[in-house]
Amino acid sequence: MLFQLLYFIYSLYPIYILINIIRYLGYKISPYSHCFSKKISKKAIIMGGVFFDSKSSIDDYSYISGDNFGFSKSKILNTHIGKYCSIGTNLITLPSGHNYRMISNYPFKLIYPKNKDNLTSKPITINNDVWIGSNVIILGGVVISDGAVIGAGSVVTKNVPPYTIVAGNPAKIIKTRFQKNIVEQIKKEQWWNHKISQKLANRLNNI
Ligand SMILES: CC(C)(COP(=O)(O)OP(=O)(O)OC[C@H]1O[C@@H](n2cnc3c(N)ncnc32)[C@H](O)[C@@H]1OP(=O)(O)O)[C@@H](O)C(=O)NCCC(=O)NCCS
């Protein structure tokens, strides 16, 4: 009986994919992803295997890597992603946690719905032109500033300053991308807020 039920649910999967194809018309979102947010830019790209909750948002030209059939596993929860971010596969954002200051860690609300919620939640912010390597975890409340790089496999527990490269668990600064005066100049210009012509794109990739 259980096997038949599971088989029945599994047989509905193509219908789910078909519904996604229709839902995502006009967007660059893979039907093999699961997106529940209304704040997804039509210029952003979300590939297969990405779960994107209703509290998250993604701005122009940022992309979240995945694969064609949804085998990779990214989970983006309560996270704002700015413009021109390059996000590797298997990013997990963890805005929530259990309030360990109470006697019990257990969320008794699960058994007694009238109980107070003992979960804590802090939104995560990823600003503009951030590159996140594969298999990264970002904890609640963290702000990743413009131009930062997060090394593969990092666990980011604290804010990341602009144009710094962090890596490891916990992620620590391993280097900076540019000298301070150049960072100040880029921060002032905010190229991501301008229309990017072919000429400017060439400059941004070549200098
Ligand atoms: C973060 C990163 C960009 C740094 O590259 P780099 O500038 O060539 O770094 P370096 O090789 O000079 O490393 C500097 C130091 O940081 C360490 N380091 C680099 N990346 C690390 C990582 N992901 N985790 C832990 N430590 C790391 C190095 O071991 C080295 O340590 P040492 O000074 O003690 O020898 C790169 O290592 C990385 O993680 N890239 C992501 C790749 C990826 O995920 N690609 C798929 C998605 S596009």
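Predicted model: local features only at pLDDT ≥ 70, side-chain atom pairs only at ≥ 80, totals over all residues.

The chain as a whole has 207 residues, of which 29% are buried. It contains four helices and 21 strands. Along the principal axes, its C-alpha atoms fill a box of roughly 65 × 45 × 25 Å. Of the contacts between residues at least 6 apart in sequence, 26% link residues at least 24 apart.

The largest nonpolar core comprises 34 residues, and those touching the most other members are I46, I144, A148, I150 and V156. At least two residues of this core come from each of strand 5 (50-52), strand 14 (124-126) and strand 18 (149-150). The surroundings of V156 can be followed in detail: when its neighbours within four places in sequence are set aside, V156 is in contact with V136, I138, L139, V142, I144, I150, V166 and A171. Two of these partners, I144 and I150, are also listed with V156 among the core residues that touch the most other members.

Eight strands make up an open sheet with mixed pairing, in the order 1-4-7-10-15-18-20-21. Its edges are strand 1 (28-29) and strand 21 (172-176); each has a single partner strand, so one side of each has no neighbour in the sheet. Within the order, strand 15 (residues 131-132) and strand 18 run parallel and are joined by two bridges. Across this pairing, I132 lies opposite I150 of strand 18.

Strand 10 (residues 86-87) includes S86. Is S86 buried, partly exposed or exposed? Within 10 Å of S86 there are 15 other C-beta atoms, so S86 is partly exposed; a buried residue would need 20 or more, and an exposed one 12 or fewer. Apart from its neighbours within four places in sequence, S86 is in contact with Y63 and W131. The C-alpha atom of S86 is 9.6 Å from that of V149, although the two residues are 63 apart along the chain.

The backbone geometry deserves a separate look. Most peptide bonds are trans, and most residues other than glycine have a negative phi. The peptide bond from N169 to P170, however, is cis, with omega near -5°. P170 is situated in the loop between strand 20 (164-167) and strand 21.

Two asparagines have a positive phi. For N78 the angle is near 45°, and this residue sits in the loop that connects strand 8 (74-76) and strand 9 (79-81). N78 has 18 other C-beta atoms within 10 Å and is therefore partly exposed. For N135, phi is near 60°; this residue is placed in the loop between strand 15 and strand 16 (137-139). N135 has 17 C-beta neighbours inside 10 Å, so it also counts as partly exposed.

Key: Residues numbered from 1 in each chain as written. Core = buried A, V, L, I, M, F, W, Y, C linked by C-beta atoms within 7 Å. Contact = placed C-beta atoms within 7 Å. Pairing = 2+ DSSP bridges.
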